[in-house]
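Please view the sequence and structure first.

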Amino acid sequence: MNAWSARLTAPLFGFFSILLTVRLAKVLWPGQPKLHKNIPYLMLGTCFWALYATLTMFDMFIGCFALIAWIGLREGNERNYLRCWMLYGAATALGLLAKGPIILLYILSPALLAPWWTEEKKEFSRLRWYGGLLGATGAGILFALAWAIPAAQAGGEQYGQAILFGQTAGRIVHSFAHQRPWYWYILLLPALLFPWSFFPPFWCSIRRRRLTPPDKFCLSIILPGFILLSMISGKQAH
């Protein structure tokens, strides 16, 4: 047992998240090397993200596993479904083990909205897609329960309640901690995106941009996640 390896865990996952974000950008926008090269600077330049990459908390884990799921959704949609659902199921299981069902809030919405962001010219089988989604999600949940149920039995009733229900269910409607109004994240958004929220070219480029399938994929992650997090009673900035 030592302290330094624990302190390195979150920064290492933050580093992996940068690499995975570059990979996701290459899948979404191939042939734009300048964009891929700038992503690490954009992420590290986002003050809030750079701060939390240094803290020993679960946020970098969740971000890393969510990125694995998003890469799976895009690569699988483009190439083969088996790779897609293997990555998605693994990300579901690891995210559940890291912080419970909150991972589903980030990865379910783009999977459910796949018909919206899929290329129009591509053939899309809803039955095949949603069947794969159900199977991968179920497999990820079963994998996590294979650890959680024996752990709850070994730790006793109070520990079992805490890991299976307390950390998530207790925060949704009437949180036992960090209760905030529904609009709290809207007020916090300029600080969360600093300094890019005060960077005029950022807003100009959004105003000029026309929605493409990769843009729709990103919106299918950001908008539902932001709305659902705002509806949850217990909120913290991270």
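The points below cover the overall fold and the salt bridges.

This is a predicted model, in which local features need pLDDT of at least 70, side-chain atom pairs count only at pLDDT 80 or more, and totals for chains, interfaces and linings use all residues. Residues are numbered from 1 along each chain as its sequence is written, and side-chain values use heavy atoms, leaving out hydrogens and water.

**Overall fold**

- The protein chain has 13 helices and zero strands, both being DSSP runs numbered from the N terminus (helices: H or I, at least four residues; strands: E, at least two).
- The radius of gyration, taken over C-alpha atoms, is 19 Å, close to the 18 Å that the globule rule gives for 238 residues, so the chain is as compact as a globular protein of that length. The globule rule is 2.2 Å times the number of residues to the power 0.38.
- Of the 238 residues, 35% are buried (buried: under 20% relative accessible area; exposed: over 50%; partly exposed: in between; 1.4 Å probe, protein chains only).

**Salt bridges**

- The whole structure holds three salt bridges, each a side-chain nitrogen of Lys or Arg within 4 Å of a carboxyl oxygen of Asp or Glu.
- Glu 75 pairs with Arg 23, their closest N and O atoms being 2.3 Å apart. Glu 75 lies in helix H4 and Arg 23 in helix H1, so the pair ties together parts that are 52 residues apart in sequence.
- Glu 75 is buried at 1% relative accessibility, whereas Arg 23 is partly exposed at 34%.
- Glu 75 also forms a salt bridge with Arg 83 (2.7 Å, N to O).
- Arg 209 and Asp 215 form a salt bridge at 3.0 Å between the closest N and O atoms.
- Shared partners join Arg 23, Glu 75 and Arg 83 into one network.
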